[in-house]
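Subject: Handover of a structure, with notes

Dear colleague,

Please find below the structure that I am handing over to you.

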Amino acid sequence: MIVQSLKLEGFRNYKGLNVTFDPGINVIVGENAQGKTNLIEAIRYFSDCRSHRARTDRELISFDREEARMEMLLESRNRQFKLEADLRRGVRRGLKSNGVRLKSATELAGILNTVLFCPEDLSLIKAGAAQRRRFLDDAIGQLRPRYAEAVNEYRRLQEQKTRILKDFLDDPAVAGTLDTYSLRMCQLGAHIVHYRAYYVEKLKAFAPDIHREFSGGREELGLCYRTVKTVTDPLAPVQTIYSQLLEHMQSHKRAEWESRSCLSGPHKDDIDVEIGGVSARTYGSQGQTRTAALSLKLAEREISREDREEYPVLLLDDVLSELDARRQEFVLNRINGGQVFITCCEEEKQGNLKAGRVLRVDGGKVIE
Ligand code: ATP
Ligand code: MG
């Protein structure tokens, strides 16, 4: 997938932008608060018509405008697409693909796949398990909409079950429905564990090689999927996982009542990440854990390519800081194949770029 050009009118700090991109590497350079991340956000928007940082489309419209217009030309699945979005205050957004009005964002699915690495992802390894689960859920969900549906339903049920445990245990009519929730959560949970286990296997096939090259052959990355204790083999058939989840749920029923919280299920899953045989979370340095986080994202890109037979567009926002020269060089010059966008500040080593294009962003304008 190649984003060829982007037009923005009234989008964040872009009054009027018309820019073309390199099919390979695009380095977006500029001082703080000039619009680098806004540009990444605009590109990513067309993958699912959501911003990765705004809660509503309203935030995307320039402060002094009533509407934002976005237009992207891209090549995907050997076809040419023109995607348009029209965001207006208080009115439903308008979306078009090749001039045809779309009913919803789901019709855009698969036209533009992106893998985004934003500054928060630098802490993917050091952060709590929730962030690593989100990584898995987003990555698998982009490729398998049915997984995303299962995760969403599971979350809804978990919220409802937690509310019952917290507030309604004394009401027998409501408390009596708890088992129904738990059963459905085990069914969905078995599918979720199954997908996650296979996805981590894929990560294992790509991420360690990437990490090794990234670190100049110095570091070995190890990954292991952790789920509910009773699940002896997460790669087992869904039915087997289901009965093992059920077993765990039943043995924790009393503890859930007593603690008034939802204790049993894959909502506590995690990926153990090791560097050189020891826990990266406990012992890894800043640079090491950032390298590992990036290696996971680059592995996500390879998995997406394997699945779709085409590289997704890679968006790297502010990743160069705190990587040493060798690792920065890897990011700039050795991510091969597919289109890449990298933002960085002037002082970061963009001088080392061997191929591709440098775009300078200054106050909502792009100067080449
Ligand atoms: P940094 O290097 O600090 O990450 P950046 O170049 O990535 O900076 P952006 O996050 O793209 O900066 O933001 C640039 C500017 O856009 C900010 O100063 C912000 O105030 C402005 N901005 C954000 N939303 C809007 C909006 N809806 N209308 C107008 N300007 C906006
Ligand atoms: Mg930024």
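The strands S9, S10 and S11 form, in that order, an open sheet of three strands with antiparallel pairing. Its edge strands, each pairing on one side only, are S9 (221–226) and S11 (278–279). Helices (H or I, at least four residues) and strands (E, at least two) are DSSP runs numbered from the N terminus, and two strands pair if DSSP finds at least two bridges between them.

This is a predicted model, in which local features need pLDDT of at least 70 and side-chain atom pairs count only at pLDDT 80 or more, while totals for chains, interfaces and linings use all residues. Residues are numbered from 1 along each chain as its sequence is written, chains are lettered from A and ligands numbered from 1 in the order in which they are written, and side-chain values use heavy atoms, with hydrogens and water left out.

Within the sheet, six bridges join S9 to S10 (residues 270–275) in the antiparallel sense. Tyr-225, for example, has Ile-271 of S10 as its bridge partner. Helix H5 (residues 178–214) packs on the sheet and touches S9 and S10, and its direction makes about 175° with that of S9. Here, contact means heavy atoms within 4.5 Å; axes are lines fitted to C-alpha atoms, for helices over the stretch in contact, and angles run from 0 to 180 degrees between N-to-C directions.

Strands S5 (residues 79–88) and S6 (residues 91–97) pair in the antiparallel sense over five bridges, and Arg-88 has Val-91 as its bridge partner in S6. Two residues lie between S5 and S6 in this hairpin, and Gly-90 in the turn has a positive phi of about 75°. S6 also pairs with S7 (residues 100–101), in the antiparallel sense over two bridges. In that hairpin, which again has two residues between the strands, Asn-98 takes a positive phi near 45°.

The largest pocket holds about 1,200 Å³ of space. On a 1 Å grid over the protein atoms alone, a pocket is an open set of points where a 1.4 Å probe fits, with protein on both sides within 12 Å along at least five of seven lines, and lining residues have an atom within 4 Å of a point. The volume is the space filled by probe spheres set on the points, which are joined across faces, edges and corners. Of the 38 lining residues, Arg-44, Asp-48, Arg-50, Asp-138 and Gln-142 are the closest to the centre of the largest pocket. Helix H2 gives the most to this lining, with nine residues.

The second largest pocket has a volume of about 300 Å³. Its lining has 17 residues, and the closest to its centre are Arg-69, Glu-84, Ala-85, Asp-86 and Gly-94. S6 supplies the largest share of this lining, six residues.

Finally, the axes of H2 and H5 come within 11 Å and cross at roughly 95°. H2 is therefore roughly perpendicular to H5, a term that covers angles of 65 to 115 degrees. Among the residues that make the contact are Phe-135 and Leu-136 of H2 and Tyr-195 and Tyr-199 of H5.

Yours sincerely,
A colleague

Technical notes
Angles under 35 degrees count as roughly parallel, over 145 as roughly antiparallel, 65 to 115 as roughly perpendicular and the rest as oblique.
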